[in-house]
Amino acid sequence: MKMVRKTAFFLTAVIAFILPLSSCSEKVSVQPVPVEEKSTNSVIGAVDFAHELDSYVPKKDTYNFYFTYKIVHPWWDAVALGMEEAQRQYLEKGITITYEYMAPEAASAEDQKDRLARVKNADYDIIGVDVADEEIISPVIDEMIDEGCKVMTFSSSDAAKGCKRIAYVGNTHNYQDGADLTQALCEKLDYKGKVAILVGSVGAPCHEDRARGAKDTLAKYPDMETVAVEYDMDSIENAYNLTLDILDKTPDLAGIICCNMSNPVGAARAITERGSDTVIVGMDHDEEALRYLNDGVIYCLGVQDCFSIGFDTLQVAVKIADGNLPGDLYPELTNEITTIIYKEDAAQMLELLYGDIL
Amino acid sequence: MTNDKERISKGFVSTAIIGSALVMVILVVITVWASRTTVSTTDDAVAAVSSFYLEAMADYRARTVNNLINNNFEHMEVALNVIKDGNISSQEELRNSLGNTKKLLSLNRFALVDEDNIVYTQYTTYTGGSRYDFLSSDKLNERVVSTINMYGSSKQLCLAIPTDGLVIMGKPFKACFVMIDIKDISNLLLLEDQGTTYFALYTKTGGNLSDTDLGPIKAGNNILEKTKDHISAASWEKLSADFEEGKEGNLTLVWDGTQETLCYAPVPNTGWMMAILIHENVIHEQFREMSESNHLTSRILIMVTLFSMALFATILLLQSRKASRARLESEMENSRMFKSMANTDSLTGVRNKHAYSEYESKINDKIRSGELKDRLAVLVCDINGLKIVNDTQGHAAGDKLIKDACDLICEHFTHGAVFRIGGDEFVVILQDRGYDKMDETLASINREVEENIEKGKVVVAVGHSVLTGEDEQIHDVFERADSMMYKRKQELKAMGAKTRE
């Protein structure tokens with residue numbers, strides 16, 4: 001049995017190594033809005049709150065799940081609301097789903113590893129993981145799978161290629177998101193100038209992928225110079241201080257590429273404080289970031305559909321818990337879209353997400 | 001005399017008509033003036049009433065929200081006691097307890113939070129440090145009311161209380177809380193007359209919480225932003241300051257040509273502002289309807305009053321005329337009676353000398369006018385022996401003799417006018433039928449008189465004469481008849497009748 005698992009792991013690793021990155025992305029539909037469009041219509045459909053459960057009939061009346069994610073942060077609170085809506089709809093159908101949705105105060109792969117170790121033998125139908133660090137967590141997941149746990153990954157970070165996790169629901173195009181944001185920045189700066197890259201947590205696949213996408217895009221333009229790459233560990237305060245440091249060192253900083261939700265908020269605070277003209281591009285839907293976008297401090301934001309991530313995660317979890325494997329019932333990779341929005345879209349997005357026009 | 005009465009009567013009628021008309025005019029003028037005054041003061045009243053009305057509505061709804069908050073806090077305290085007494089030893093028991101308590105006390109999303117900011121609800125357990133601001137502090141010291149803008153535009157009222165001493169499954173818990181969807185609160189407060197009167201809840205910065213339209217300010221719009229171009233800068237500054245400081249107030253604004261009245265009041269403990277708006281033209285419309293109704297009532301009252309007055313005046317006039325007529329008739333009757341009394345001989349009941357004089361005058365007029373030329377006879381009758389009877393038997397016997405004589409004359413001259421023109425003298429005027437039977441009647445009375453001489457009864461000497469074309473007045477006829485009467489008196493004396501001689 002162990003030999004079979006090792007062989008499978010080996011084959012998976014080989015395939016992951018051989019296949020180029022694009023081969024994986026071919027399975028999914030990445031839908032960033034082309035930079036050229038910059039339309040206010042881009043908000044429509046960016047986040048879908050009108051979900052209904054599909055026609056799948058669960059085999060049990062009760063389910064108990066455990067989900068763990070990188071860090072206590074509003075981004076994952078938005079994912080949680082999608083989960084709660086799915087849970088409510090299941091409850092209306094007479095199916096009770098209980099779950100835990102847990103994260104540390106500070107991003108930590110070791111903490112996630114410990115959590116998974118604690119819960120893997122508990123009575124959970126599914127364990128969902130938003131991978132904190134693919135190098136550390138992927139083997140843990142494989143081990144859990146080998147021990148008979150049903151493990152899926154979700155939200156913005158999948159496990160490493162070849163990991164045995166059963167399915168992933170979330171952003172499957174982080175690299176492309178990073179590339180798209182950077183492309184927008186380069187266009188804005190007329191393809192020249194000094195830029196910095198702010199990343200989230202070290203090792204977090206989504207953040208690292210976006211950073212890679214940013215770097216690869218910048219590399220295409222010789223007049224674009226990367227002066228700093230810093231990690232804020234998903235802390236706005238860190239992002240703010242890091243930006244101030246970068247501005248001190250590079251007063252003529254032309255742009256900042258922000259790869260997570262806290263980056264653009266901290267950067268915008270620092271830029272506003274300094275009165276700098278530095279152009280900010282960044283990720284996610286933080287209310288403060290959206291207001292900076294509306295004010296023109298942030299140039300554009302890549303908004304992920306967190307609600308759909310949460311809703312679909314729970315729906316896929318039920319199917320996995322019933323013993324179904326990826327196929328007709330659900331794909332191995334359930335992609336959720338990212339939409340790049342601009343100043344013109346900010347008010348509408350604020351109203352959509354927070355119900356308040358400035 | 002009659003003319004005076006008619007003049008007085010006409011004067012009375014004229015006065016009544018003019019007086020009534022004057023009263024009616026005064027009534028109409030006063031009513032019109034009162035009506036116009038009412039209309040002119042309506043505008044002032046509208047502003048005052050609408051402000052009062054809206055302030056009361058805003059205060060009432062603000063108190064309703066406050067009561068809702070207090071009730072939930074009380075229920076949470078009860079729920080905590082139930083959970084404390086529950087001896088919960090597992091997460092499953094905790095979830096069941098939370099579910100039962102939530103259901104029992106009708107609490108929305110009831111949750112416990114442990115010291116690590118892990119939130120426990122009926123179905124889920126999650127790390128909630130980034131989701132609820134009140135969890136940012138390590139320890140909760142007092143009740144907390146906060147508003148949460150949820151991702152997805154859902155807005156929740158979060159009520160939290162500290163849970164000092166609560167330990168479950170070996171873990172200290174620091175708080176419990178409920179979440180109330182502000183849409184549910186909006187439904188609770190929804191105005192019945194939505195469409196004319198609106199309400200909405202706002203944050204201190206003017207953000208719409210209730211997802212309700214406030215008249216022209218649509219749900220979701222910031223009230224401070226939207227009103228900026230519709231009120232003066234000073235009013236907007238005050239509005240903004242009132243919102244920021246949680247002060248109540250009101251203002252009017254014109255929006256698309258419609259005047260709106262806006263009242264706002266703080267909702268205690270929430271940092272919210274309750275705003276009520278009403279289209280002022282709605283109030284005007286209601287006032288106008290009431291005013292028109294009052295005008296209609298006034299008009300009806302005036303018409304009824306006028307009709308009543310006219311009816312009353314008519315009745316009064318008729319009554320007055322009736323009374324006048326009655327009085328007139330009474331006076332005429334009295335006059336007739338007095339006249340009758342003046343023309344009647346009190347002893348015999350026939351007409352007296354005065355009546356004869358009037359009669360004589362009328363006959364003379366007719367003779368002079370040629371209307372009466374003949375067929376009229378004058379008989380002069382004189383009682384024989386009256387003085388002797390008076391002197392010897394007394395005046396009572398004399399009076400009886402006069403009555404007997406009168407009776408005798410009247411019995412025979414039934415178709416003639418009999419007058420007593422002196423103590424013992426009567427005149428009979430015969431016309432028409434009486435004239436035709438005069439000879440027969442004279443013969444009859446003379447025969448009875450002659451018989452009476454022997455019987456000792458009343459003896460009357462009768463002389464007569466008829467009107468001729470030569471007579472200028474009746475007295476001429478009288479003179480001839482009187483002469484004849486004296487002759488007859490002599491004849492009767494000769495027959496044995498008593499005379500004073």
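This is a predicted model: local features need pLDDT of at least 70, side-chain atom pairs count only at pLDDT 80 or more; totals for chains, interfaces and linings use all residues.
Author: A nonpolar core is a set of buried Ala, Val, Leu, Ile, Met, Phe, Trp, Tyr and Cys residues joined through C-beta atoms within 7 Å (buried: 20 or more other C-beta atoms within 10 Å of the residue's own, all placed from the backbone). Residues are numbered from 1 along each chain as written, with chains lettered from A and ligands numbered from 1 in written order.

Reader: What ipTM does the predictor give the complex?

Author: Chain B averages a pLDDT of 85, and 93% of its residues score at least 70. For the complex, the pTM is 0.64 and the ipTM is 0.81.

Reader: Which residues touch the most other members of the largest nonpolar core?

Author: That core has 177 residues. Helix α11 (306–321) of chain A gives the most, 10 residues (helices: DSSP runs of H or I, at least four residues, numbered from the N terminus). The residues with the most touches are A:I280, B:M274 and B:A275.

Reader: How many residues does the second, separate core hold?

Author: Its members include B:L376, B:A405, B:V418 and B:M438. The count is 44.

Reader: Are α8(B) and α9(B) roughly parallel or roughly antiparallel?

Author: Helices α8 (386–393) and α9 (395–412) of chain B pack with axes, fitted to C-alpha atoms over the stretch in contact, 6 Å apart. Their angle, on a 0 to 180 degrees scale between N-to-C directions, is about 150 degrees. Over 145 counts as roughly antiparallel, so the pair is roughly antiparallel.

Notes. Helices (H or I, at least four residues) and strands (E, at least two) are DSSP runs, numbered from the N terminus. Angles under 35 degrees count as roughly parallel, over 145 as roughly antiparallel, 65 to 115 as roughly perpendicular and the rest as oblique. pLDDT is the predictor's confidence in each residue, from 0 to 100. A residue is buried if 20 or more other C-beta atoms lie within 10 Å of its own, exposed if 12 or fewer, and partly exposed in between; C-beta atoms are placed from the backbone.
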